[in-house]
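Dear colleague,

I am passing on the structure that we spoke about, and below it you will find my notes on what turned up in it. Please read them with the structure open beside you.

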Amino acid sequence: MRKMLLAALSRVLQGPAAAAAARPVSRVVVASRNYADFASEATFDIKKCDLHRLEEGPPVTAVLTREEGLHYYRTMQTIRRMELKSDQLYKQKIIRGFCHLYDGQEACCVGLEAAINPTDHVITAYRAHGYAYTRGTAVREILAELTGRKGGCAKGKGGSMHMYAHHFYGGNGIVGAQVPLGAGIALACKYFGKDEICLTLYGDGAANQGQIFETYNMAALWKLPCIFICENNRYGMGTSVERAAASTDYYKRGDYIPGIRVDGMDILCVREATKFAAEHCRSGKGPMLMELQTYRYHGHSMSDPGISYRTREEIQEVRSKSDPITLLKDRMVNNSLSSVEELKEIDVEVRKEIEEAAQFATTDPEPPLEELGNHIYKNEPPFEVRGPSQWIKYKSVG
Amino acid sequence: MAAAAGALRRLVRCGPQQGLGRRLRLQLRSGIHGSAPAAVQVTVRDALNQALDEELERDERVFLLGEEVAQYDGAYKISRGLWKKYGDKRIIDTPISEMGFTGIAVGAAMAGLRPICEFMTFNFSMQAIDQVINSAGKTLYMSAGMVPVPVVFRGPNGASAGVGAQHSQCFAAWYGHCPGLKVVSPWSSEDAKGLLKASVRDDNPVVMLENELMYGVPFEMAEEAQSKDFLVPIGKAKIERQGTHVTLVSHSRSVGHCLEAAAVLVKEGVECEVINLRTIRPMDVESIEASVVKTNHLITVEGGWPQFGVGAEICARIMEGPAFNYLDAPAVRLTGADVPMPYAKILEENCLPQVKDIIFAVKKVLNI
């Protein structure tokens, strides 16, 4: 028993290595718990995925270890609170322009990340803050990018829709364009022969873009290691899926590409499905398509209250019955993987982290004016960039 | 054999130059690499082919994709022999999906490859222009330097012969408008080879605007231009012909027309300075300014439409700079006619600046 406790303790203290290394996580409080109360893992039934052109799908059960659960919980909660903080900052006019929030969809980005390696690649459209985080960008750098400060992950030059990280290619403003880009990244994966894959995300709105079908064709022809992932949150801006698509079976729209439809509110479902799809791609069988059925609590963006095309009752129903964080919390508490108190403590830590990040994001200075001319060309000797008149010039360094 | 070669060399070196093509005579007269014994005749097509071959060999990350580039040897045979040599991995035939394959090329560049994306003509690039400008051109800036995009977009640009309005547009002004892109426009074989090699080695997205009517034209290529490391610097114009009375600035096929006009005008005692821009963006305004300071007269010549064109930009920049005070007459633009390109030969001919139009403009500007 003691050995088990010590083993559990050391596992928890090490944490899921890569993720723990990326952001500060306090383990001290947890270490004082009485571990006799908690199981080290539990097995859960998960929803069977609808299949297209597949004989077998992902498993219908999933094992969740205690430390995985705590990690997923903390990550999803961090994203949730980060997005709510962004909402606040936007209403205070400290964030400007477009701001597309991800709250409600946390199980997608966290579940996907749990199934792939940091060396794999991810690309999405503009609802990207969650992915920027799971791909390794610190909260303070995300918030400072939103507030347009020099400490932002793109030095304040990108904004909400243009955040990048190692093997994360944004953040793309023109929905649909990121899909051929993702297939190109997958082509590079295959070309280099490094057993890497690319997760290429788009929404139910962009799913009707022609370039996506061009990409399906080439990815299938050339067997590119690409997982096409449609985050179906039921609305493309203000247009419901029924009003936009002749076929709302997004997982079938790849036609000759095998597809699965996944419960995007259940992180274990997302994780298992992604593992299944990743295995398919890595084995050289070509692309796969995943439709994640998910939901966004906010409107399309901060300028959309989100209630003219859907009812408050619908939003409330999803919150009460399908919230991804609540689902995980209930699973963990009901199966002795954690306790209400322990998770509350994580909530407190997360809130503190977000507050500190917001503090940074609101006090960090804006980028210096000289930054305006930089990053036009890479590896170019410094040159002059024209400002609004012939007398205003900026120096450009790459 | 040696005697014949010697005779040929003498023929090449000095007049009378009967028996040589008109274009070649004019090039020799204008003094381009006229007398290097190891110079060879190379068509623009072959120069491009050599450049592709050399860069594919030099760097494994370089690959070519586009319609018909592999098994067809290229719609215009620019990539002849390359698929046989390098295979499916490096030379990729795409379906007719410009937006899709252009995005794929850009994504591949973001992930560390160095793709060359061929547009069968730049008219088709309009379908993919979002990927060229928004994905390729802007990403380095939006990511504050984190994500470079080393991709080359190349293909024939502008008018051909009798291909009609939808296949004849010049995109120099369109792509030249956008910060983040580099845009080059070769005229000679040396330009084509050196600029393509420089573009592939450049870490930025480069749009290379070739010209279909130039593909079959032979030019003399000096010995150093035959080296595998021969590069033409991007962003630097070339003075093709020195002159004192008027500056003719041009790019692509029009450079040849300017040289032909100069050859006619010299008989009347007018010495034209002919500048081959070579690069549209970043434009070498300094070279134009230095020339205008010397000649006091400026004429721009291009195939594209007049409004918001390359010539319009040159005129604006000259006005803003020191050369304005040296102009003895307003700058003049010669451009394509402001209409979609018609098909009938007589109409098409009159939709592009011809040699006679350049001569007329020079005389107007010089008041002779």
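Where is the place of B:Pro282 in chain B? It is in the loop between strand S12 (279-281) and helix H12 (285-295) of that chain, where helices (H or I, at least four residues) and strands (E, at least two) are DSSP runs numbered from the N terminus. A cis peptide bond joins B:Arg281 and B:Pro282, with omega about 0 degrees.

Before going further, please note that this is a predicted model, in which local features need pLDDT of at least 70 and side-chain atom pairs count only at pLDDT 80 or more, while totals for chains, interfaces and linings use all residues. Residues are numbered from 1 along each chain as its sequence is written, chains are lettered from A and ligands numbered from 1 in the order in which they are written, and side-chain values use heavy atoms, with hydrogens and water left out.

**Backbone**

Most residues other than glycine have a negative phi, and most peptide bonds are trans. A:Met237, which is not a glycine, has a positive phi of about 55 degrees, and its place is in the loop between strand S7 (235-236) and strand S8 (239-240) of chain A. B:Asn367 has a positive phi as well, near 60 degrees, and is found in the segment after helix H15 (355-366) of chain B. A:Met237 counts as exposed at 53% relative accessibility, and B:Asn367 is exposed with a relative accessible area of 72%; here buried means under 20% relative accessible area, exposed over 50%, and partly exposed in between (1.4 Å probe, protein chains only).

**Interface**

Chain B and chain A bury about 3,600 Å² between them, 66% of it on carbon and sulfur atoms, buried area being the accessible area (1.4 Å probe) that two parts lose on being put together, summed over both. In chain B, the residues that lose the most area to chain A are B:Ile104, B:Tyr141 and B:Met142, together 19% of what that side buries. The contact (heavy atoms within 4.5 Å) takes 48 residues from chain B and 37 residues from chain A. B:Ser135, in helix H7 (residues 129-137) of chain B, is buried at 4% relative accessibility; not counting residues up to four places away in sequence, B:Ser135 touches residues that include A:Ala177, A:Leu181 and B:Met110.

**Salt bridges**

Over all chains the count comes to 47 salt bridges, each a side-chain nitrogen of Lys or Arg within 4 Å of a carboxyl oxygen of Asp or Glu. Across the interface of chain B and chain A there are 2 salt bridges, and the side chains of B:Lys182 and A:Glu380 also meet in a salt bridge (2.7 Å, N to O).

Within chain B, B:Lys193 forms a salt bridge with B:Glu54, the closest N and O atoms being 3.1 Å apart. B:Lys193 lies in helix H10 (residues 189-201) and B:Glu54 in helix H3 (residues 44-58), so the pair ties together parts of chain B that are 139 residues apart in sequence. B:Lys193 is buried at 0% relative accessibility, and B:Glu54 is buried at 12%. A network of salt bridges links B:Glu54, B:Glu55, B:Arg58, B:Lys193, B:Lys197, B:Arg201 and B:Asp229.

In chain A, the side chains of A:Lys321 and A:Glu317 meet in a salt bridge (2.8 Å, N to O); these residues are 4 apart in helix H12 (residues 312-322) of chain A, and are therefore separated by about one helical turn.

**Pocket and cavities**

The largest pocket has a volume of about 1,400 Å³. Of the 41 residues that line the largest pocket, the closest to its centre are A:Glu384, B:Met283, B:Val285, B:Glu313 and B:Arg317. On a 1 Å grid over the protein atoms alone, a pocket is an open set of points with protein on both sides within 12 Å along at least five of seven lines, a cavity is a set where a 1.4 Å probe fits but cannot get out, and lining residues have an atom within 4 Å of a point. Grid points are joined across faces, edges and corners, and a volume is the space filled by probe spheres set on the points.

The structure holds 8 cavities of 30 Å³ or more, and the largest cavity has a volume of about 230 Å³.

With best wishes
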